[in-house]
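Here is a walk through one structure, written for someone who likes to have the model open while reading. Take a look at it first.

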Amino acid sequence: MKKIYCNIKKCLGCGSCEIACAIEHSKSRELNKSIAESPLPVKRRKAEFVEESVSISTGCHHCENAACVTACMSGAMYKDKKTALTQHDKDRCVGCWMCIMTCPFGAVTRLREEKIVLKCDLCPDRDKPACVEACQTKSLFLGTLKEFTKICST
Amino acid sequence: MQYVIIGSSAAGINAIEAIRTKDKTSKIIIISDEKNPLYSRCLISYLLAGTIDGKKIWYKPDSFFKDNKVEALLGIKAEKINIKKKEIAIGNKEKIKFDKLLIATGASPKLEDIPGIDKKGVFPLRTIEHTTEIQSMLDKVKSVAVLGGGLIGLRAAYALKNRGKNVSVFVKSGSILSQIIDKDAAGIMQKRIEERGIKIFTGVAAKEITGAKSVDGVALDNGSKHDCELVIIGKGVSPNVEIAKDAGIKTSWGILANERLRTGVEDIFTAGDVSETNDIALEESSINAIWPAACEQGRIAGLNMTGENETYEGSLAMNSIEFFGLPVISVGITKPKSDRYKEIVKKDAGKNIYKKIVLKDGIIVGVIFVNSIENIGIIGTLIKNKADVTSIKDIMLEDYFDYGKIAPLIKKSKRGFKEPEFKETIMTL
Ligand SMILES: Cc1cc2nc3c(=O)[nH]c(=O)nc-3n(C[C@H](O)[C@H](O)[C@H](O)COP(=O)(O)OP(=O)(O)OC[C@H]3O[C@@H](n4cnc5c(N)ncnc54)[C@H](O)[C@@H]3O)c2cc1C
């Protein structure tokens, strides 16, 4: 399964991934227009400070045994049978926050008013997710765990 | 190979899916005394409230049994298990053979032994049928008495308030949600619920449900009487162990399961609200009658029925509830009973924020977050993996706390964080 990995050694925590993610999930898909949208576009990726001069960009890990899918009481959070990605169907979401309760990465965003959640969908309209493309240090990587392991050791 | 499953809710459904990932062809028979069991039990109060439409209640599509090649015996009760002959007697005296059996019979509402409980207009809230029956009499109802201030009692109260009824909740103990959260958190929740017009009476219990054939009120143990046309009983649940017990399968509070979710009998497994397993925080045998535990146990039991060797690490109490826009989530031990436990608390009364972490020997065993619930899953992960959190103790309740802050613990941890998803952190930090 291909998903997004972050090489913490390379990440500067600059936040380019966050911005690219929010724009990609906006109506206009343009920075200057998207900041005027209502509701404001929401990012599904976070650049997080780890310790001095260490950062990580993190989001949904599409876990093999996804705790959010197990906990979801409405069936809105589910595993795509073909891709094994964790997907979210907002039309079935009831805003029970079971996924927020169980996500080990804090990767599910709650929309209080709408009573639904959002998370990484791996940018279905693009070849490469927006965050990976926007990453200036090439710490973000799209591929399998095997490929990521190989690239990190070289 | 013939698999048989008794009970077709969270545990049974997840077992079917798990079996089918490994065994595409063998026969699976499911026996369910509910006629339409593919709904989400957790959502029946949402349905009663009218906050979801009738479509969202369905956890799996109509075609689920067909898609998974399951023979579903619906509206039929499993009466008896013969463990020697490996067969089950069902309602119409037919016998069903099994090679592997899963008992996923769930739990039933505790019905109190109070006079008048059999009157028309008294309901527990456990099945979609209860919801339909309650709904069908709502036109004639002005006032409702809810007996019990637990999760289900309050969800019912919320639902009926949403339907425009006068709702009063009678709670025997001193505070609401006492099984799940502490007094401080309960106080914040109670205030919000009362502000929105639901009356809550703590320290009061019903002595009798009054009326001729139909309910006309409840007599309380403080001597007063409360008029109502509908009574909802929310006094918790007890596991449906009888069928297992009668067959000679080892039970205590629930059916005793080992770490493969097998019962004391070869080839017979158990999962969900009926099964008693290791509680990760308590470190003792217990039942956590919650949806996520039922689903995970169903999955693991299903896999092991096909011959896999999956280990169930145990369950953790966890609940997520929201009333009138105010959410609360709790995980693990939230009301420690000895001074071996330490608590870290952060409050912001103006914002209705309350956060508490319970520690034992440097390891988190429980957490409550009110209103600011983001990232609580990270705390839950620390509980599950029993990570020593001494180094991050002072920042865990801060707003900026996130996954990045636990990355060093994951890297250092020797016993936990085995899932492949943590490799990225362990490898590159
Ligand atoms: C109103 C409500 C709200 C809830 N909210 C939450 C929540 O927010 N979060 C949470 O985690 N949990 C919640 N729960 C609890 C959750 O629904 C249960 O933990 C879960 O349904 C357990 O699944 P199960 O498959 O083990 O058993 P059950 O759901 O109890 O299903 C067992 C099935 O087996 C059938 N059965 C029993 N005996 C036999 C027999 N002999 N023959 C044939 N069939 C039989 C039963 O009729 C039933 O259909 C809620 C429950 C209710 C009622």
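## Ground rules

This is a predicted model, with local features kept only at pLDDT of at least 70 and side-chain atom pairs only at pLDDT 80 or more, while totals for chains, interfaces and linings use all residues. Residues count from 1 along each chain as its sequence is written, chains are lettered from A and ligands numbered from 1 in the order in which they are written, and side-chain values use heavy atoms, leaving out hydrogens and water.

## The ligand site

An N or O atom in the side chain of B:Arg41 is 2.6 Å from a ligand oxygen, and a polar side-chain atom of B:Arg126 is 2.7 Å from an oxygen of the ligand. On its own the ligand has 1,000 Å² of accessible area, and the protein covers 95% of that (Shrake-Rupley method, 1.4 Å probe; for residues, only the protein chains shown count as cover). Helices (H or I, at least four residues) and strands (E, at least two) are DSSP runs, numbered from the N terminus.

## Rings that cross the chains

A pair of aromatic rings is described by the distance of the centres and the angle of the planes. Rings of Phe, Tyr and Trp (its six-membered ring) pair if their centres lie within 6.5 Å; planes under 30 degrees apart are stacked, over 60 edge-to-face, and the rest tilted. Over all chains there are 11 such pairs. One of them is A:Phe105 with B:Phe422, a tilted pair at 5.4 Å centre to centre and 35 degrees between the planes. This pair crosses between chains, from the loop between α4 (98–102) and β6 (109–111) of chain A to the loop between α10 (403–412) and α11 (423–428) of chain B.

B:Phe422 also pairs with B:Phe417, this time edge-to-face, at 5.2 Å and 85 degrees. Ring pairs link A:Phe105, B:Tyr403, B:Phe417 and B:Phe422 into a cluster. Are A:Phe105 and B:Phe422 buried or exposed? Both are buried, and B:Phe417 is buried as well. Here buried means under 20% relative accessible area, exposed over 50%, and partly exposed in between (1.4 Å probe, protein chains only).

## Charges over rings

A charge sits over a ring if NZ of Lys or CZ of Arg is within 6 Å of the ring centre and within 35 degrees of the ring normal. In chain A, A:Arg110 lies over the face of A:Trp97, 5.5 Å from the ring centre. In chain B, B:Lys355 does this over B:Phe369, at 4.6 Å.

Most residues other than glycine have a negative phi, and most peptide bonds are trans. A:Ser38 and A:Pro39 are joined by a cis peptide bond, with omega about 0 degrees, and A:Pro39 is in the loop between α2 (31–34) and β2 (46–51) of chain A.

A:Arg29 is not a glycine but has a positive phi of about 60 degrees. A:Arg29 counts as partly exposed because its relative accessibility is 41%. A:Leu122, also not a glycine, has a positive phi of about 60 degrees, and at 13% relative accessibility A:Leu122 is buried.

A:Thr102 belongs to helix α4 of chain A. Its side chain reaches the backbone oxygen of A:Met98 at 2.9 Å, and A:Thr102 counts as buried because its relative accessibility is 10%.

Definitions and conventions. Polar contact = N/O pair within 3.5 Å; in protein donor to acceptor, adjacent residues only side chain to side chain.
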